Amino acid sequence: MDCYNNRYVCSKNYGYLNNSQYSSAIAYVSGGREAPNIHGMVIFTDVPGGTEVFTEFVGLPIYKPASGEDAPVGPLGFHIHEYGICQPGESDESFGAAGGHWNPTNQPHGNHAGDFPVIFSNNGYARMAFFTNKFKVQDVIGKSVIVHKNPDDYRTQPSGASGVRIACGVIHPMQ
Ligand SMILES: [Cu+2]
């Protein structure tokens, strides 16, 4: 299946015919040209009332404070994006084909279903788990997770001023 030319199919189910049978999912995340050493995973598990999200990363950029016009590098913005396509966009934007934030309930940024806590790089390593009541596992299969270079301010619309996309992974069901 050519996801790049078939966004509807990819965004709906990425070829999985019945997402509702899955109660856990995983995204293997890899860095793009800005941060090629990033490797990580994001695991989604259905729990009562919502979903538990566990993440682990290595090779993240090390925090740098803001200087002049440049935003700080980290803590790193982290979201679910609409399409399970970790490829450049039409204007060659890194992971632009993943589309905008996944926002099924048309909320302002800061309250998107796929707005996540920022990732703190501990000399390149991060581990974090959190709970959300905004989706179940079946809702996010076939979408993507994106890590950004800059912090999310949870305020600037529509994506929190979190800068370029430095890593991406497609969310697949866990068998
Ligand atoms: Cu994002």
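Mentor: Let us begin with pairing: two strands pair if DSSP finds at least two bridges between them. Helices (H or I, at least four residues) and strands (E, at least two) are DSSP runs, numbered from the N terminus. This is a predicted model, in which local features need pLDDT of at least 70 and side-chain atom pairs count only at pLDDT 80 or more, while totals for chains, interfaces and linings use all residues. Residues are numbered from 1 along each chain as its sequence is written.

Trainee: Okay, so how many helices and strands are there in the protein chain?

Mentor: The protein chain has 2 helices and 7 strands, and reading along the sequence gives the pattern α-β-β-β-β-β-α-β-β. Its radius of gyration (taken over C-alpha atoms) is 15 Å, close to the 16 Å that the globule rule (2.2 Å times the number of residues to the power 0.38) gives for 175 residues, so the chain is as compact as a globular protein of that length.

Trainee: In what order do the strands form the sheet?

Mentor: The 7 strands form an open sheet in the order β4-β6-β7-β1-β2-β3-β5, with antiparallel pairing. At the edges are β4 (78–81) and β5 (126–132), each of which pairs on one side only. From one strand to the next the twist averages 20°, where the axes are lines fitted to C-alpha atoms, for helices over the stretch in contact, and angles run from 0 to 180 degrees between N-to-C directions.

Trainee: Which residues stand opposite alanine 27?

Mentor: Alanine 27 stands opposite valine 42 in β2 and also opposite isoleucine 171 in β7. Strand β1 (residues 24–31) is joined to β2 (residues 39–47) by 7 bridges, and 5 bridges join β1 to β7; both pairs run antiparallel.

Trainee: And what about β7, is it enclosed or open?

Mentor: It is largely enclosed by the rest of the structure, because 7 of the 9 residues of strand β7 (residues 165–173) are buried. Here a residue is buried if 20 or more other C-beta atoms lie within 10 Å of its own, exposed if 12 or fewer, and partly exposed in between, with C-beta atoms placed from the backbone. Strand β7 is also joined to β6 by 5 bridges, running antiparallel, and isoleucine 146 stands opposite cysteine 168 in β7.

Trainee: Changing topic, which residues have the most contacts inside the largest nonpolar core?

Mentor: They are Val29, Ile38, Ala98, Ile119, Val140, Val147 and Ile171, in a core of 36 residues. Such a core is a set of buried Ala, Val, Leu, Ile, Met, Phe, Trp, Tyr and Cys residues joined through C-beta atoms within 7 Å. Strand β7 gives the most to this core, with 5 residues.

Trainee: Why is serine 144 called buried?

Mentor: Serine 144, which lies in strand β6 (residues 144–148), is buried because 30 other C-beta atoms are within 10 Å. Leaving aside neighbours within four places in sequence, serine 144 is in contact (C-beta atoms, placed from the backbone, within 7 Å) with residues including His81, Ala98, Cys168 and Ile171.

Trainee: Last one: what separates the C-alpha atoms of serine 144 and isoleucine 26?

Mentor: Those C-alpha atoms are separated by 10 Å, although serine 144 and isoleucine 26 are 118 residues apart along the chain.

Notes: Contact = placed C-beta atoms within 7 Å.
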